[in-house]
Amino acid sequence: MAALQIDGGTFRWTEKKDLLLMREARMLKPFCHKSGTPESGQKWSAVAENLNTHSDFAEMPRDQRSVRERFNKRFKDFKAKLAKEEKASGINVPPPTEVETLMEEIKELMDSHVPAPSKKADSERKKGLKLREKSMKTWGEGKSNDDEESSESSEPHRKRNRRKASDPLEYLSTRRQEEMDLKRQQMELEAKRIEIEQQRQAQLQEQMVLQNQQMQQQMSMMLVFLQQNMNKH
């Protein structure tokens, strides 16, 4: 277990404390934000604050760095365990613990999560839109000036003006298509997440049914054994 020296005492992570940590992480989803961002730090701080309200953390409260490092370690070990079990096919895998079940759900959330654009990327996108609007405004002003001039122009020049006139429509059409593609991708990811969750629930149910059958078989064998011993006497 991980230990941390604080004020002359020793803090030790236990399975119970890890369970509380994973519950808070599952609820607040700090892993959905890019590491090192203010949003990520705020979420991990909230996780630490919630943990510190429990009696297990009252004497030695945790900070965001402590809970983040513990989460990363447990999650790294969990992924290594999954990889090992996948390679060692044909062996009996014990049912997951409550902590591992939470980490399975967290892994599914990570796999299906579409990261939000960073503040820098969002700022650059807005800047690009402003430049686009400015260029469209300039184009409109230029078009008005062209209309006021003499209509004496060559046929190729009129064709170029028609191409310019279609430019804003092409931009709006492209933007609308991009928004539709993004929504479609989000719907596909949500459908995939739901499918994975349904598969996980089905697997858990199958494990419970199998365990119940095994217990019934053991009980039947025990009753037969006891009855045979009673008949001998």
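At what angle do helix 1 and helix 5 pack, and how far apart are their axes? Before selecting them, note that this is a predicted model, in which local features need pLDDT of at least 70 and side-chain atom pairs count only at pLDDT 80 or more, while totals for chains, interfaces and linings use all residues. Residues are numbered from 1 along each chain as its sequence is written, and side-chain values use heavy atoms, with hydrogens and water left out.

Start with the whole chain, which holds seven helices and two strands (DSSP runs numbered from the N terminus, helices being H or I of at least four residues and strands E of at least two).

Next, select residues 15–28, helix 1, together with residues 98–112, helix 5: they pack at about 25°, with their axes 9 Å apart (axes are lines fitted to C-alpha atoms over the stretch in contact, and angles run from 0 to 180 degrees between N-to-C directions). Helix 1 is therefore roughly parallel to helix 5, a term for angles under 35 degrees.

Now show the side chains of the contact (heavy atoms within 4.5 Å), to which helix 1 gives E15, D18, L19, M22, R23, A25 and R26, and helix 5 gives E98, V99, L102, M103, E105, I106 and L109.

Finally, colour the chain by pLDDT, the predictor's confidence in each residue, from 0 to 100; the chain average is 80, and 74% of the residues score at least 70. Among the elements, helix 1 has the highest mean, 96, whereas strand 1, at residues 3–6, has the lowest, 47.

Technical notes:
Parallel < 35°, antiparallel > 145°, perpendicular 65-115°, else oblique.
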